[in-house]
Amino acid sequence: MLRAGRGAVAALRRAAGSRGAGGQGGGQGPGLEPSLLRFLVCPLSKRPLRYDEAANELVNEELGIAYPVIDGIPNMIPEAARRTQKQAEAVKETSGPAGPQQ
């Protein structure tokens, strides 16, 4: 989650202030404040995350999961993460074909 002290707090305050009063709206809302990315790690692997601006998600390439960012706030609860295409392909490869192999 957060790994640092004052820098993370300052970045969170800037991000909260930049959203303004009109933070409520349809869709996913504003994206993640770029300065926060250096403080955020995956709660499962404790590894850095990559921000996918197009999908508005924080992606853990290693585990093949993506956490949504809603109104500029990352939802890093593991149950909220979705499987990425990479993880779905890995699951298919390990399960193998349905019949006996020749």
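Predicted model: local features only at pLDDT ≥ 70, side-chain atom pairs only at ≥ 80, totals over all residues.
Biologist: With which residue does glutamate 61 meet in a salt bridge?

Modeller: Side chains of opposite charge can pair when their charged atoms come close. A salt bridge is a side-chain nitrogen of Lys or Arg within 4 Å of a carboxyl oxygen of Asp or Glu. For glutamate 61 the N to O distance is 2.6 Å, and the partner is arginine 50.

Biologist: How many residues apart are arginine 50 and glutamate 61?

Modeller: The salt bridge joins the side chains of arginine 50 and glutamate 61. Helices (H or I, at least four residues) and strands (E, at least two) are DSSP runs, numbered from the N terminus. Arginine 50 is in strand 1 and glutamate 61 in the loop between strand 2 and strand 3. The pair links distant parts of the chain, and the separation is 11 residues.

Biologist: How many salt bridges does the rule give, and which residue pairs with glutamate 62?

Modeller: The count comes to 3 salt bridges. In the one with glutamate 62, the closest N and O atoms are 3.3 Å apart, and the partner is arginine 47.

Biologist: How far apart in sequence are the parts tied together by glutamate 62 and arginine 47?

Modeller: Glutamate 62 and arginine 47 form a salt bridge. Glutamate 62 lies in the loop between strand 2 (57-60) and strand 3 (65-70), and arginine 47 in the loop between helix 1 and strand 1, so the parts tied together are separated in sequence by 15 residues.

Biologist: Which residue meets arginine 82 in a salt bridge, and is that residue buried or exposed?

Modeller: The N to O distance to arginine 82 is 2.7 Å, and the residue is glutamate 57. Glutamate 57 lies in strand 2 and arginine 82 in strand 5 (residues 82-83), so parts 25 residues apart in sequence are tied together. Arginine 82 is partly exposed at 39%. The relative accessible area of glutamate 57 is 9%, so glutamate 57 is buried.

Biologist: Where does serine 45 lie, and with which side chain does it make a polar contact?

Modeller: Serine 45 is in the loop between helix 1 (6-19) and strand 1 (50-52). Its relative accessibility is 18%, so serine 45 counts as buried. A polar contact is a pair of N or O atoms within 3.5 Å; within protein, one must be able to donate a hydrogen and the other to accept it, and residues adjacent in sequence count only if both atoms are side-chain atoms. For the side chain of serine 45 the distance is 2.9 Å, and the partner is the side chain of asparagine 60.

Biologist: Which residues does proline 48 touch, not counting residues up to four places away in sequence?

Modeller: Proline 48 is in the loop between helix 1 and strand 1, and at 54% relative accessibility it counts as exposed. Contact means heavy atoms within 4.5 Å. With residues up to four places away in sequence left out, proline 48 touches Leu40 and Val41.

Biologist: What pattern do the helices and strands follow along the sequence?

Modeller: The protein has 2 helices and 5 strands. Read along the sequence, they give α-β-β-β-β-β-α.

Terms used:
Residues numbered from 1 in each chain as written. Heavy atoms only, no water. Buried < 20%, exposed > 50% of the residue type's maximum accessible area, 1.4 Å probe, protein only.
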